Amino acid sequence: MVIIDSFEEYSAYLGKQIGESNWHKIEQEQINKFAEATLDFQWIHVDTDKARSESAFGATIAHGYLTLSLIPYLWKQIADIRGVKMEVNYGIEKFKFNRPVLVNDQVQLRAKLISISDLRGITKVVIQADLDIMGQTKTAYTGNVVFLYHFI
């Protein structure tokens with residue numbers, strides 16, 4: 001895990017990979033809980049028998065937004081941004097889903113600093129977020145997340 005205490009320390013990663021998270025296994029229970037929370041019960045996500053017999057994937061798949069919702073959890077495994085009195089999830093940009101994540105797949109977030117700027121004392125960073133699937137060459141998704149930090 002990378003520890004960052006200031007704008008200057010963050011800037012040192014510009015154009016570089018900051019790190020990668022631990023592997024996280026997507027289990028059917030997690031998919032089902034997400035379906036319940038979002039009222040999205042499409043059979044491709046929750047009906048294991050039908051997905052096994054009728055889907056092109058031979059198994060249920062995770063909701064795309066479930067995999068996106070993992071970003072804060074996995075990001076905290078990559079970087080510990082210290083000395084901030086405020087942190088804001090400012091946005092997501094240019095996301096593309098490249099490959100579905102099947103039940104029991106293991107995923108890992110890779111993060112690269114694309115840009116950093118000082119907005120009158122607020123640090124704005126754009127992080128390229130790639131979600132890898134263990135054993136696959138194509139990522140589940142790629143896109144940019146934008147954070148604002150107010151360092152003390």
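**Entry 1: Arg 82 and Asp 80**

I began with Arg 82, which is partly exposed at a relative accessible area of 39%. The model I am reading is predicted. Next I looked up the salt-bridge partner of Arg 82 and found Asp 80. The closest N and O atoms of this pair are 2.8 Å apart. Asp 80 is partly exposed as well, with a relative accessible area of 25%. I then searched the whole structure and got 6 salt bridges.

**Entry 2: Asp 132 and Arg 110**

I moved on to another of these pairs. Asp 132 and Arg 110 meet through their side chains in a salt bridge, 2.5 Å from N to O. This pair links distant parts of the chain, with Asp 132 in strand E7 and Arg 110 in strand E6, 22 residues apart. Is Asp 132 buried or exposed? I found a relative accessible area of 15%, so Asp 132 is buried because the limit is under 20%. Arg 110 has 23% and is therefore partly exposed. I also followed the shared partners: salt bridges join Arg 110, Asp 130 and Asp 132 into one network.

**Entry 3: Lys 33 and Glu 29**

Here I checked a pair within a helix. Lys 33 and Glu 29 both lie in helix H2, 4 residues apart, about one turn of the helix. They form a salt bridge, and their closest N and O atoms are 3.2 Å apart. Lys 33 has 52% relative accessibility, so I log Lys 33 as exposed.

**Entry 4: Strands around E6**

Which strand does E6 join through 12 bridges? I found E7 (residues 122–133), and the two run antiparallel. Their hairpin has 2 residues between the strands. In that hairpin, Arg 120 takes a positive phi near 50 degrees.

I then traced what else pairs with E6. Strand E2 (residues 17–20) is joined to E6 (residues 106–119) by 3 bridges, again antiparallel. Gly 19 has Ala 111 in E6 as its bridge partner. From Ala 111 I stepped across to E7, where the bridge partner is Ala 129. Strand E3 (residues 24–25) also pairs with E6 in the antiparallel sense, over 2 bridges.

**Entry 5: Lys 25**

I stopped at Lys 25, which lies in strand E3. Lys 25 stands opposite Gln 106 in E6. Which residues does Lys 25 contact, leaving aside its neighbours within four places in sequence? I listed Gln 30, Asn 104, Asp 105 and Gln 106. At 40% relative accessibility, Lys 25 counts as partly exposed.

**Entry 6: The nonpolar core**

Last, I looked up the largest nonpolar core, which has 36 residues. Which of them touch the most other members? I noted Tyr 10, Ile 18, Trp 75 and Ile 127. The elements that give two or more residues to this core include helices H2 (28–38), H5 (64–69) and H6 (71–78). Among the strands that do so are E1 (2–4), E4 (79–81), E6, E7 and E8 (141–151).

Beyond its neighbours within four places in sequence, Tyr 10 is in contact with Ile 18, Trp 75 and Ile 127, among others. Its list also includes Ile 4, Ile 81, Leu 113, Ile 116 and Val 125. Tyr 149 and Phe 151 are on the contact list of Tyr 10 too.

Notes: Residues numbered from 1 in each chain as written. Predicted model: local features only at pLDDT ≥ 70, side-chain atom pairs only at ≥ 80, totals over all residues. Heavy atoms only, no water. Pairing = 2+ DSSP bridges. Core = buried A, V, L, I, M, F, W, Y, C linked by side-chain atoms within 4.5 Å. Buried < 20%, exposed > 50% of the residue type's maximum accessible area, 1.4 Å probe, protein only. Contact = heavy atoms within 4.5 Å. Salt bridge = Lys/Arg side-chain N within 4 Å of Asp/Glu carboxyl O.
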